[in-house]
Amino acid sequence: QFPVHETEQYKYMLQVSNYQSDVVYKDDAKDIMEKGHSQYPFTPEMSRVEEAEKLKSEKLYKENFEKQRAHYSVRVDHPQIIHAKEADILQSENKYREQYLKERGQ
């Protein structure tokens, strides 16, 4: 019997199938990008720069929020607004019935 897996054609077929796999493709693409054939190479320096940009962006966002927050203030509701809120609760059918039953003594 002749072993098929020991032929040159079989070895070539295995190499072709390995090159067609996603893993080899991704590894080759990463190698190409690391060599500078990409806009952003995968280097530790680039990772640090990206992280620093994220932190800077968050810091600026928080600073802008604090500046805008100063323009607003929380005030106590005007007495008319308080009265309107209480009237809204009393007009609610459920609250009206609860209050009626409490006053009636049940």
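The model is predicted, so local features need pLDDT of at least 70 and side-chain atom pairs count only at pLDDT 80 or more, while totals for chains, interfaces and linings use all residues. Residues are numbered from 1 along each chain as its sequence is written, and side-chain values use heavy atoms, with hydrogens and water left out.

The protein chain has 5 helices and 0 strands (DSSP runs of H or I with at least four residues for helices, and of E with at least two for strands, numbered from the N terminus). Of its 106 residues, 1% count as buried (under 20% relative accessible area, with exposed meaning over 50% and partly exposed in between, using a 1.4 Å probe and protein chains only).

The structure holds 2 salt bridges (a side-chain nitrogen of Lys or Arg within 4 Å of a carboxyl oxygen of Asp or Glu). In one, Glu45 pairs with Arg48, with the closest N and O atoms 3.7 Å apart. Both sit in helix α3, 3 residues apart, or about one turn of the helix. Arg48 is exposed at 53% relative accessible area, whereas Glu45 is partly exposed at 47%. In the other, Asp77 meets Lys85 at 2.8 Å, N to O. Asp77 is partly exposed at 33%, and so is Lys85 at 48%.

Helix α3, spanning residues 44–69, also holds Glu51, which is partly exposed at 43% relative accessibility.
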